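Here are my notes for a first reading of this model. Please keep the structure open beside them and follow the points in order.

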Amino acid sequence: MSNFLSELKTLNIKVRNKVRGIIHSDISDSIKVMNSLRKKLNGRELCKVENVISSSSLSAGMLPKLFPDSPQVTDSYNRLCNIPLKKKLDKIDFMIGVNLIKLECFFEKLEQLNSLIIKRNIKDADFLLKKIIEEFGYSNLILRKSIFLHMLEEDTPESTKYVHLCGIRKSLVNSLLYCYEEDQDYLSVKKTAISVDKERNVFIRDMLRVSFLPIESDPSKLSSLLQSCLQSSLIDAVILLKINFSFHSFLNHKNICTSLNFIKGDRPFFINLLGFYRDFKGPESVFFNRSSAWLEFDDIISYRIVMDHFFDDNESDYLKISEDVFDEIDRLILIDKPENLLNGSSMLNICKDLNVIADNGFLTRSAIYNFMMTKNKGRFEVSINTFKSLMEKTVSLSRILDVENLKSTALLSESIFVEIIAYLLIIRRYEDDYDNFYLSELVQQEIIHNYNGDVVSFVKGFSEGSIEIGNYIYDIFNEEFLSILSDVVKSSEEITNIRARLHHWMGDITNDNSYYERANNLIVDHRINLVRDELDDHRIYVDTSKFIQWMQDDVSKELTTVLVLFSSDQVVDGESQLKELISKCFNKFYSDNVFGVSSYLGRRLRHGTFKGFVYSDTVNEIVKKYGKNIDTDDFKQKWDGFKFLFEKEIDKVVNDNLHIKSKSKRNGFLDPNIYNFQKESIVNLAVKNLSEDFVANGSTYSAMILINEYCWRLAEVDMKHSAQKLKNIRSNILSYDFFLQNKRKQSEEMWKLNLFKDLHNIINEKFKTVYGWFNKPHSVSPKASLGLLYKAVVAEVRDSYPDFQAITDFYEEEDIEMNGGAYHNIYDALYVIIYNAAKHGKKSGDVNRSISLINNKDERFISISISSQLKDEDEESDVRKRLELNERDIDLAQVIENRSGIAKLYNLEKFDSKFSVDDISCKNRNVVFQLSYKLG
């Protein structure tokens, strides 16, 4: 109390009274008075006021401590108004002056800690870290050091204890934990971390920014950052001042300059630090991801100035590059031509060892190339060899390069190779109809002139020697893009075959078996589509397997990052990021022309299903029944008038409504926008469930399943609206004068009254059926009845053997619904068997089948037996030899797409425990296949 009174007496009477008011008022009034004082008093006076308030027991916890005794990982204080940078620096200068000896001692201990880490004396470093915390309190700087030690996976009990004390689910902790792991997608981590809602949590966002984007040339924004750092620790404020020393003058603040001189960041010590990373696989990536642990070093600061601004998406809303920052980066970069990125020249004006690490990696080269493109607006010519080498020596170009700069490079280049690669990068970043069309024209020109019209030969030849270019082409050349290569791809079957071959090709160059599985699934799905008209195709449909596959390829990394970082007690921080991802997925769910709802709507338009069903069938049915009467002169004119209006109404639905809503189709029934009242509640629930599910299961795949389900829920909102709009259209049709006149004229002939009644009922029934089209399918997983699978196989085999005959009618007890693994594997097995029968069996011989569902205690099996007759000239002994399994590689049976092969059946048996080859034999002039599949 005596300390409080003595401090209070140092203030003038007017300020003294206001301080008393702050101490004895409620928090909201106290903040108002504090903010008033912050605007009026100078920095030194503010420090005195804060010292008085902090010394009072009545106001304990109102203001943060300069050396806090607990980790500051949540926003525990009410945010005071920002003050001009000059006043903020005066204030900090005074604080440093009071604590100068303590700070000098801290930075001496920090140097000792760094030395122990670099010498790999991890146990002693861990113990010293404990002592530093005990003497100087907690800080974000020490948190970063602790997480660095913790991630070394050595015996670091104190660091691990500190990390857990801070809370591994807190945003400030888990962001760094995730970032410091090897092989992480740094861009996604950074974007997620800095995208914290600043309006709700300025402190958390600012402290995350210190790790990911600490440079700030704007005085007002730096003042706000310093305010957050002071809330964490005076130590963090000093480190932030050192980081931004190049962009602001501190010469008039003696204590600040003195404290900065305490920080040892000289190059000899730094060289030892770089040696620490050479043991890691991909040292540049590990070094960069963990560089925030060493932000007190001058060369690290210089390196991060370049990387933070140009190894990032230039359109990110948090990234603003001032002229001062740009000029400083220009000074730091030693080369000005893309060719020099490849010849071993030192790239940055920093220590030699860091240039060596950068030259053996990809990230720095990517950032510098991005800077060159920005500085020159893409206006320089690049040779084919240089451009190809750049693709191999850089990463994430499609995420960081400006689209307009890429277009300039393409425009100036005389090489079609450079032009195509530039547009591949553009489309990888943004899908644009014009750019897609332009790339398709370039690609087709090259395929026709240099690759004999073979798309796959083009892909292989064009990407020869460059896996990265191969990846770009593989990603872009999906079914949707292939469909617009109309000069070289002539049919949907070609699209399927080309994409399947590309899957195989990627599997060959990456040794990843999942690509072979994709190829196989694609072929099976195409075969099913041959007879898909027999399926109920009137409902809104999305190919779930392809949609989830797209999510695995395009959003899984970012989804994992967001869920890992924000499935915590601060879910609000990740809410906007998750919503953004859900919006991206829902847009694809609707608009993709291969697997999305748009593909369903396209079939409705191309095939005229809607108009044919609602208009044509209705008119034909009436004409069939009342044709002779309709042709009478007095009625024909009325009938033709009704048909004209009816057709016009239906055409309007087809042209304007049966679309995904867009700028060109503003009246589309289905709206990909998720930000409206009804959808917002579903999205909020999705965010909550995704976070909870990830905490419970730790699985991104299950998160993608959830996203698929929530996309359907969002779609159901639109589908309900669609049904209502269709009801209004039906009511409008039934309100035509054609019907109203009938109601007014009861004296009409009986056939006319019956016609009006029938027409009214038919239109009602047609629209009732159509309402059902706008419902979610009962199951959105790949499925078909066993009868349909069998028909699909026979139809496919007839493409090769047109004279092949097999009865495809199924008894009801045989027709079993198949889905999932059973769907794919039984289809494959049937294909092998039926193809063998067509190729090797008797031309007009019988193909007999027996299919049954067996219930055995708790297990259910499908048993399939198919037999085909031998050719008259074949001997049973010869056939038995052909049926014997030789030494061919079973593991590759599914990869090598021979259209027949007994090994394929045994491959299915080997890799699917539910599938069993019970018998393959030749007896009584018949080849017999017996298979079984366990259900459930």
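1. Start with Glu50 and Lys91. They form a salt bridge, with the closest N and O atoms 3.2 Å apart. A salt bridge here is a side-chain nitrogen of Lys or Arg within 4 Å of a carboxyl oxygen of Asp or Glu. Glu50 sits in helix H4 (residues 43-55) and Lys91 in helix H5 (residues 85-98), so this pair links distant parts of the chain, 41 residues apart. Helices (H or I, at least four residues) and strands (E, at least two) are DSSP runs, numbered from the N terminus. Both Glu50 and Lys91 are buried. Buried means under 20% relative accessible area, exposed over 50%, and partly exposed in between (1.4 Å probe, protein chains only). Arg38 joins in: Arg38, Glu50 and Lys91 are linked in a network of salt bridges.

2. A word on the source. This is a predicted model, where local features need pLDDT of at least 70 and side-chain atom pairs count only at pLDDT 80 or more, while totals for chains, interfaces and linings use all residues. Residues are numbered from 1 along each chain as its sequence is written, and side-chain values use heavy atoms, with hydrogens and water left out.

3. Now the overall picture. The protein chain contains 45 helices and six strands. It has 936 residues, and 55% of them are buried. Contact means heavy atoms within 4.5 Å.

4. How many salt bridges does a search of the whole structure find? The search finds 35. Side chains of opposite charge can pair when their charged atoms come close. Another pair to inspect is Arg429 and Asp313, whose side chains meet in a salt bridge at 2.1 Å, N to O. Arg429 lies in helix H25 (residues 416-429), and Asp313 in the loop between helix H18 (298-310) and helix H19 (323-332), so the pair ties together parts 116 residues apart in sequence. Asp313 counts as partly exposed, because its relative accessibility is 23%.

5. Look next at Lys679 and Asp718. Their closest N and O atoms are 2.9 Å apart in a salt bridge. Lys679 belongs to helix H38 (residues 677-697) and Asp718 to helix H39 (residues 700-733), so the pair ties together parts 39 residues apart in sequence. Lys679 counts as buried, at 0% relative accessibility. Asp718 is buried too, at 5%.

6. The helices that carry this pair deserve a look. Two packed helices are described by the angle between their axes and the distance between the axes. H38 and H39 pack at about 165 degrees, with their axes 10 Å apart. Axes are lines fitted to C-alpha atoms, for helices over the stretch in contact, and angles run from 0 to 180 degrees between N-to-C directions. H38 and H39 are therefore roughly antiparallel to each other, a term for angles over 145 degrees. Residues meeting across the two helices include Ile682, Leu685 and Phe694 in H38, and Leu706, Tyr710 and Leu714 in H39.

7. Helix H10 (residues 171-180) is mostly covered, with 10 of its 10 residues buried. Among them are Asn174, Tyr178 and Cys179. Leu172 also lies in H10, and is buried with a relative accessible area of 2%. Leaving aside neighbours within four places in sequence, Leu172 is in contact with Gln72, Val73, Leu143, Phe203, Ile204, Met207 and Leu208.

8. Finally, check two backbone angles. Most residues other than glycine have a negative phi, and most peptide bonds are trans. Ser396 has a positive phi, near 60 degrees. Ser396 lies in the loop between helix H22 (384-393) and helix H23 (397-400). Asn924 has a positive phi of about 55 degrees, although it is not a glycine. Its loop runs between strand S5 (915-923) and strand S6 (926-935). Asn924 counts as exposed, at 67% relative accessibility.

Methods:
Angles under 35 degrees count as roughly parallel, over 145 as roughly antiparallel, 65 to 115 as roughly perpendicular and the rest as oblique.
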